[in-house]
Structures are given as C-alpha cells and as structure tokens.
Amino acid sequence: MDAWVDGDLADELERQLDDLLAELDSAWVEPELQPEFASNESFRRYHRRNGKRWQLACVLRERPDLAAALASRVLAAVVCDEDVAANRQLIEPVLTAVGRRRVQEYLISVVSSGPLLQRVCAVRAWYWSQAVLMYESPQALTGGQPTTGSRAQDDEVADLRGWYRAACLTAFVECDHDATREWLARGFILDESYYPASLHRRVAAARAIAESDPVRFKELILKTTDGTNLAAIRPADDR
C-alpha cells in the first residue's frame, strides 16, 4: 500500500474552499506578502489556504442558514483538512447550524468507509466536534459533577461515542497502514467492557496488533479511558 503524508490533501482542500467561496459569492483576494515569504511557494500555498478557510468560516458564522444549506459540502472539506487546530474553524459554524449529531454521524461514516487520509482527518476533526462537560470548580471536576446543561448536551450524543469507538476499532483492525492506525488508535480503547459482546473478538484482534508493535502503540495499550469526553472548568466571570 502506498503511504500518505500530511499535505496530500492540500490541493483538494483548497479546491473545495474555492468552490464554497464561489457559491457564497465571497471572492478571496490574496494579500501581498513580504518578499522573503512571497518567494516561498510552499508558504504561499499554506497562507492562501489559511486565508480562504478563515474567510469561509466567517461567512458561515454570520449566516447559519447558509452553513446549514452547505453543511454536507463544508463537512466534505473538513475531512480534507489536515490541520489539527485550524480545522475547527469550519466545524464550529456547522455544529451551530445543524447540530452535533449530524456532524458526528458524518465523521463516523468517513472513519468507517472513507479513504485512509480522510479517515485520519475525521479523527482529527472529531476532537472539535465533542461536547464539553463544564464544571463549576476543580472540586466539581474531581467529584464528577458537571453542570446540568453540559451534561444534557453530552448525553444527547452518548450513543454516537459508542459508534465512533466501534468505527475506529474496526477500521484499526481492517487497516494495514500503520500511520493511519496510529490516528485511529486515538478513538478507541482495548477494554471489552466498552463494547457489545459481538465486538469482543475485534478488541482481541486490535490488542494483538498493538502488542506486536508495543512502541508504536504504547498509548493504546496503556489507555484507561476512551478519550471521547472533553472537560473544562467554567471561567469565574462566566458563572
């Protein structure tokens, strides 16, 4: 199998950004760069994609109706976005417009059946798609007592966490590309109690793969939580 590297989807992402900006009649003009940067074509492409992503995100945030109408196309761009931080710019307005469930169902479908690098991008995007359990204080966090509102938001997609976990597990076992497996490993845990009995053999198969390369998959082997919950303490000025 041919290996992929980060950057393989850069041109496809930019094409999709261009199409969406054209759909929104939001022309993007490349700003002038200082000479030392302008002569670096790689930097210019990176800077150009960042600018287009940001402009598209601004339009979508201001027009949730358009974000809802274009949600499928925006999500298709998200799973071509290899930037583990900037990809949230497009995820967040779609979450607002169509809800967490639709976004997460799309990401799960890509993990289950998408091309390898898009599966990786879906795993990277999943982080930003999650509900955040908010706590009023460090003591509430230690005691496992999130706010009622954040618990409700998290409960609304609790079933999808199980689907995502199972999708990452299955994709990990069926994949024979280690770099992809490293990312898929972030989405599941080698603990049968997290899965129905029908998936226990798959958990055993995943464990065998991980233990055959214990350096690469050390974190997966040692993992005690599945990593599908985010938590934060509410800022004092927001209480």
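Predicted model: local features only at pLDDT ≥ 70, side-chain atom pairs only at ≥ 80, totals over all residues.
Q: Which residues touch the most other members of the largest nonpolar core?

A: A nonpolar core joins buried residues through their side chains. Here the largest one has 60 residues, and those touching the most other members are Leu-56, Val-74, Leu-90, Val-111, Phe-172, Phe-188 and Leu-220. Helix H11, residues 158-174, gives this core its largest share, eight residues.

Q: What is Phe-172 in contact with, leaving aside its neighbours within four places in sequence?

A: Its partners are Arg-181, Leu-184, Ala-185, Phe-188, Ala-206, Ile-209, Phe-217 and Leu-220.

Q: At what angle do the axes of H7 and H8 cross?

A: Angles over 145 degrees count as roughly antiparallel. The axes of H7 (residues 100-113) and H8 (residues 116-129) come within 8 Å and cross at roughly 155 degrees, so the two helices are roughly antiparallel to each other. Their crossing is left-handed. Among the residues making the contact are Leu-107 and Val-111 of H7, and Ala-122 and Trp-126 of H8. By class, the contact has nine nonpolar, five polar and two charged residues.

Q: Which residues of helix H6 are buried?

A: Here is a general idea to start with. In an α-helix there are 3.6 residues a turn, so residues three or four places apart point the same way. In H6, residues 88-98, the buried ones are Gln-89, Leu-90, Ile-91, Pro-93, Val-94 and Leu-95. These buried residues pack against H1, H3, H4, H5, H7 and H8.

Q: Which residue follows H6?

A: Gly-99 does, and its phi is positive, near 95 degrees.

Key: Residues numbered from 1 in each chain as written. Heavy atoms only, no water. Core = buried A, V, L, I, M, F, W, Y, C linked by side-chain atoms within 4.5 Å. Buried < 20%, exposed > 50% of the residue type's maximum accessible area, 1.4 Å probe, protein only. Helix = DSSP H or I, 4+ residues; strand = E, 2+ residues; numbered from the N terminus. Contact = heavy atoms within 4.5 Å. Axes fitted to C-alpha atoms, helices over the stretch in contact; angles between N-to-C directions. Parallel < 35°, antiparallel > 145°, perpendicular 65-115°, else oblique. Left-handed = near helix turned anticlockwise from the far one by under 90°. Nonpolar A, V, L, I, M, F, W, Y, C, P; charged D, E, K, R; others polar.
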